[in-house]
Amino acid sequence: MSRLRELFDVGEFVVTGEVAPPRGTDLSAMHASVDLLAPYCHALNVTDNQGATLHLSSLAASRAILDRGIEPIFQQTCRDRNRLALQSDLLAAWSLGLENVLVVTGDDPRAGDHPHAKGVFDLDSTQLAGIARGMNEGHDMMGRELKGATDFYIGAAMFPEAEPWDVQLARIEQKIAAGVRFFQTQAIFDMDKLQRAVDAVRPLGAKVIAGVLVIRSPRVVTFVNEHLAGLMVPDHIAERIRVADDPAEEAIALAAEQVRDIRDIADGVHVMPLGLDAAVGRILTG
Amino acid sequence: MIITKPRDWKRITDNLESVGARRVFLMGCGQCATVAHTGGERELEEAAARLTAGGYTVTGWTVGDVTCHLNGTKLDARKHREEIDDADAVLVLACGAGVQTTAEAIAKPVFPGLESLFLGTVVRNGVFEERCQTCGDCVLGETAGICPVTTCPKGLLNGPCGGMWNGMCEVLTDRECTHVRIRRRLTEQGRAGTGTLAPKDFSTALKPGGVNIRDRVTGRQKPSREASAREEGAR
């Protein structure tokens, strides 16, 4: 059974991190990242062509980090594959020992490094979550019996700070109804809005892992605001990083503060160190 | 209506060069391409002037009534037979459907003069938006008359995606998110949300599409071949 699920079941505050598969076949940088994060994290997300840019597949990379001794969260986007391929990869993932799957829509190809690609979006993330649950119950999306079922712990993304909230909330409820059991949030800057999201999700039986982004420099602020979909660094935080003598140290201190706040609100924290992997220990224990 | 735009002129002349055409007949369309200002009288005159300036001879031109109508286009071609006979090739300022009827009606090289873009809504004169992609599996009944398949850049039935920010679309950042609009209109009408919409049936959109409504329109019941064979056998 998924360790992530077991930890949630016993009420543990869960810590997850994130690694990106390489653009190429050399896994050494990813493994170095895994080795830095593993002592502090219960599981690691493995991104799927993140930002619509080409990387080695999440499926293969997830298996690679499992072999390195840490539980992966296999990410699957709806952007690059149709319903046959998505289901086929879900079966492959289970057969490879991947027990957590995080289903997301995926960034539009026009935002990535292959802007002429056709975005598939045959399914959306809610539909894909429902299909994964069906596979857990032993059938494919057409209702045909599988020879050997899956038992995925199904996660999805959530955006507590995006307005209008009623639209977000409807989407969250939809995903839970489809079979989502845990959410990872976009980077959180406003703890009141995180509280609002957790209050909505908890009664429905799902867990919330709050995202923390380490904004190590003013350049990262610009990058986030201009390139990361659905995310804006608030002015007071951007200013704090901008005026700091040592922006990286300030970012680590800020992230540690956020983690402390999140411990009182959510079920776990998802750290996105944006290159400061070596500081994750200090962020989580600071 | 079908929205078209002018085709790159170099591609047009390359097409004409490919068959060594110097004498050209022009075919427009009195329907969509006239409304879109791409294949009406004025545009044909402009194209004729441009061809002439480029050293071509325009043997004649006509704006077909409904150029995508095969028999109508055959009739138009007959009316202009001498001018067409005098030409090496025909350039069609209509959508791809009109190019193909013309190519079937006229036994000479026929080339497209426009690019066909989408099934468009005329928002106001000269402003066209794609709001329907003729998918054959309509969800507008559930989505308050706003098509998410077409107007959400990702075509998501269940949205918004994670890129929505302050109600605005991630991809077309100057537009409101389709799913926010759907929810607002449903709420204004006192209707519940869409619920989770099931994956679409894309088999209805398989190409090429074809519909024959002759029996339904005329009320005739033409027995199928199998039924006729059975009747023959019974006799």
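This is a predicted model: local features need pLDDT of at least 70, side-chain atom pairs count only at pLDDT 80 or more; totals for chains, interfaces and linings use all residues.

**Notes on the model**

1. A:Asn49 is buried, since 25 other C-beta atoms lie within 10 Å of its own, where 20 or more are enough for that label. This residue sits in the loop between β2 (43-46) and α3 (58-67) of chain A, and its phi is near 45°, a positive value in a residue other than glycine.

2. B:His37 belongs to the loop between α2 (32-35) and α3 (41-53) of chain B. B:His37 is partly exposed, with 14 other C-beta atoms within 10 Å, whereas A:Asn49 is buried.

3. Which peptide bonds are cis? In chain A, the bond from A:Glu163 to A:Pro164 is cis, with omega near 0°, and A:Pro164 is placed in the loop between β5 (153-158) and α6 of chain A. In chain B, a cis peptide bond joins B:Gly159 and B:Pro160, with omega of about 5°, and B:Pro160 lies in the loop between α7 (148-151) and α8 (178-188) of that chain.

4. A:Val269 is part of strand β8 (residues 268-272) of chain A and is buried, because 29 other C-beta atoms lie within 10 Å. Leaving aside residues up to four places away in sequence, A:Val269 touches A:Val15, A:Ile209, A:Ala210, A:Val212, A:Val259 and A:Ile262. The C-alpha atom of A:Val269 is separated by 17 Å from that of A:Tyr153, a residue 116 positions apart from it along the chain.

5. B:Arg11 is found in helix α1 (residues 9-18) of chain B, and it is partly exposed, with 13 other C-beta atoms within 10 Å.

6. Helix α5 (residues 125-136) and helix α6 (residues 165-178), both of chain A, pack at an angle of about 20°, and their axes are 8 Å apart. Angles under 35 degrees count as roughly parallel, and α5(A) and α6(A) are therefore roughly parallel to each other. Their crossing is right-handed. From α5(A), the residues A:Thr126, A:Ala129, A:Gly130 and A:Arg133 meet A:Gln174, A:Lys175 and A:Ala178 of α6(A); by class, this contact has 2 nonpolar, 3 polar and 2 charged residues.

7. Helix α9 (residues 235-243) and helix α10 (residues 247-265) of chain A pack at an angle of about 140°, with axes 7 Å apart, which makes α9(A) oblique to α10(A). Here A:Ile237, A:Arg240 and A:Ile241 of α9(A) meet A:Pro247, A:Glu250, A:Ala251 and A:Leu254 of α10(A), and the residues of this contact divide into 5 nonpolar, no polar and 2 charged.

8. Chain A has 11 helices and 8 strands. Its radius of gyration is 18 Å, close to the 19 Å that the globule rule gives for 286 residues, so chain A is as compact as a globular protein of that length. Its C-alpha atoms fill a box of roughly 60 × 45 × 35 Å along the principal axes, and 52% of its 286 residues are buried. Among its contacts between residues at least 6 apart in sequence, 76% join residues at least 24 apart.

9. Chain B has 10 helices and 7 strands. Its radius of gyration is 23 Å, well over the 18 Å that the globule rule gives for 235 residues, so chain B is more spread out than a compact globule. The C-alpha trace of chain B spans about 70 × 65 × 30 Å along its principal axes, and 35% of the 235 residues count as buried. Of the contacts in chain B between residues at least 6 apart in sequence, 58% join residues at least 24 apart.

10. The contact between the chains takes 27 residues from chain A and 23 residues from chain B. On the side of chain A that touches chain B, α5 and α6 each supply at least two residues, and α6(A) gives the most, with 6 residues. By class, the residues of that side divide into 13 nonpolar, 7 polar and 7 charged.

Key. Residues are numbered from 1 along each chain as its sequence is written. Chains are lettered from A and ligands numbered from 1 in the order in which they are written. Axes are lines fitted to C-alpha atoms, for helices over the stretch in contact, and angles run from 0 to 180 degrees between N-to-C directions. Helices (H or I, at least four residues) and strands (E, at least two) are DSSP runs, numbered from the N terminus. Angles under 35 degrees count as roughly parallel, over 145 as roughly antiparallel, 65 to 115 as roughly perpendicular and the rest as oblique. A crossing is left-handed if the near helix is turned anticlockwise from the far one by less than a right angle, and right-handed if clockwise. Two residues are in contact if their C-beta atoms, placed from the backbone, lie within 7 Å. Ala, Val, Leu, Ile, Met, Phe, Trp, Tyr, Cys and Pro count as nonpolar, Asp, Glu, Lys and Arg as charged, and the others, Gly among them, as polar. The radius of gyration is taken over C-alpha atoms; the globule rule is 2.2 Å times the number of residues to the power 0.38. A residue is buried if 20 or more other C-beta atoms lie within 10 Å of its own, exposed if 12 or fewer, and partly exposed in between; C-beta atoms are placed from the backbone.
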